[in-house]
Amino acid sequence: MTFYRHSGPRSYTSSIMTERFNCFYCRDDLHGKKYIQKDEKHVCVRCFDKLCANTCAECRRPIGADAKELTHKNRHWHEDCFRCAKCYKPLANESFATKDDGKIMCGKCGAREDSPRCQGCYKVIMPGSQNVEYKHKVWHEECFICFECKQPIRSQSFLPKGDEFYCSACHEKKFAKNCARCKEPITSGGINYQDKPWHSECFVCNTCKKPLAGARFTAHEDDFYCVDCYKTSVAKKCSGCQNPITGFGRGTNVVNYEDHTWHEYCFNCKKCSLSLAHKRFVLHEENIYCPDCAKKL
């Protein structure tokens, strides 16, 4: 909004004729009478008020020859009519602003009119006052409050939930999930495994405590192990090659029989090396044999 300052009311030039002279409109003799000169024409006061006077933009009445007139952008006012449309303060010698609808306002009301409104109380936020802005919306600082505890958030961190705002403490109590291990709220980040939430710092190898986020791991009896710790501490040993059965890579498929476990690729006849996976076999003295080789024992 642009503010202006009016130079003050103006009066038309009027004179009294000393020689014979006629009114441009009614042709009355202006000798010894008051007249107005307008557009190089000499007009008596009566004709001026009736035919030439500008109309006041406020009261819609003619601005007579004896009245003080104010003009701004081809609009005209009586001096007393040139006032703020809000507070009615006279503006003849004051700064003022014009609105798109043609209304004239004093500087204070104009600033208030153009100022944003608080999303909390819907009152005007005056320039220079403390406020909070979020996503092109503005609140008085005291109106930007936590939906749960109703306390002003001010410069604290907050979290939005739809059209509501929560301070960090209330958001944790109301919405945050609790870690499956430490049972404390997860305020940021976190990991989901088997539909359970975890702090990333809680989702670690049970043995070496190395973080498992983004790494290969194995779950065993509600605990998690990195590949190395699972091999050395938990995994069963293959009855064939004696290496750990990790469930990774080629060791994905295993064969279990009684108290023995083999990698599928190690489940071969001790004598002829024939693969016995999904086939009949004979266990003899901790070793396995195909039926043909078992007959020769």
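Tutor: Ground rules before the tour: helices (H or I, at least four residues) and strands (E, at least two) are DSSP runs, numbered from the N terminus. What you see is a predicted model, where local features need pLDDT of at least 70 and side-chain atom pairs count only at pLDDT 80 or more, while totals for chains, interfaces and linings use all residues. Residues are numbered from 1 along each chain as its sequence is written, and side-chain values use heavy atoms, with hydrogens and water left out.

Student: Let's zoom out. What is the radius of gyration of the protein chain?
Tutor: The protein chain holds five helices and 20 strands. For its 297 residues the globule rule gives 19 Å (that's 2.2 Å times the number of residues to the power 0.38, and the radius itself is taken over C-alpha atoms). The actual value is well over that, so the chain is more spread out than a compact globule, at 47 Å.

Student: What does the C-alpha trace span along its principal axes?
Tutor: Keep that spread-out picture in mind, since the radius of gyration is well over what the globule rule gives. Along the principal axes, the trace covers about 155 × 40 × 25 Å.

Student: What share of the contacts with a separation of 6 or more comes from residues 24 or more positions apart?
Tutor: A contact here is heavy atoms within 4.5 Å. For context, buried residues make up 32% of the chain. The share of contacts you asked about is 20%.

Student: How far apart do the centres of the positive and negative side chains lie?
Tutor: We've got 48 positive and 36 negative side chains to work with (Lys and Arg are positive, Asp and Glu negative, with His and the chain ends not counted). Each charge is placed at NZ of Lys, CZ of Arg, CG of Asp or CD of Glu. The centres of the two sets lie apart by 2 Å.

Student: On to the rings. Which kind of aromatic pair do Phe-144 and Phe-165 form?
Tutor: The structure has 23 aromatic pairs (rings of Phe, Tyr and Trp, its six-membered ring, with centres within 6.5 Å; planes under 30 degrees apart are stacked, over 60 edge-to-face and the rest tilted). For Phe-144 and Phe-165, the centres are 5.0 Å apart and the planes make 45°, which we call tilted.

Student: Where does Phe-165 lie in that pair?
Tutor: The pair links distant parts of the chain, 21 residues apart, with Phe-144 in the loop between strand E10 (137-140) and strand E11 (158-161). Both Phe-144 and Phe-165 are buried.

Student: Is Ile-63 buried or exposed?
Tutor: Ile-63 sits in the loop between helix H1 (45-52) and strand E5 (69-72). Beyond its neighbours within four places in sequence, its contacts include Phe-48, Cys-56, His-76 and Trp-77. Its relative accessibility is 0%, so Ile-63 counts as buried.

Student: Which residues does His-171 touch, leaving out those up to four places away in sequence?
Tutor: Find His-171 in helix H3 (residues 168-174). His-171 is buried, with 14% relative accessible area. The residues His-171 touches are Leu-159, Tyr-166 and Ala-176.

Student: Last one: what is phi of Ser-273 near?
Tutor: Ser-273 is found in the loop between E18 and E19. Ser-273 is exposed, at 52% relative accessible area. Its phi is positive although the residue is not a glycine, with a value near 65°.

Methods
Buried means under 20% relative accessible area, exposed over 50%, partly exposed in between (1.4 Å probe, protein chains only).
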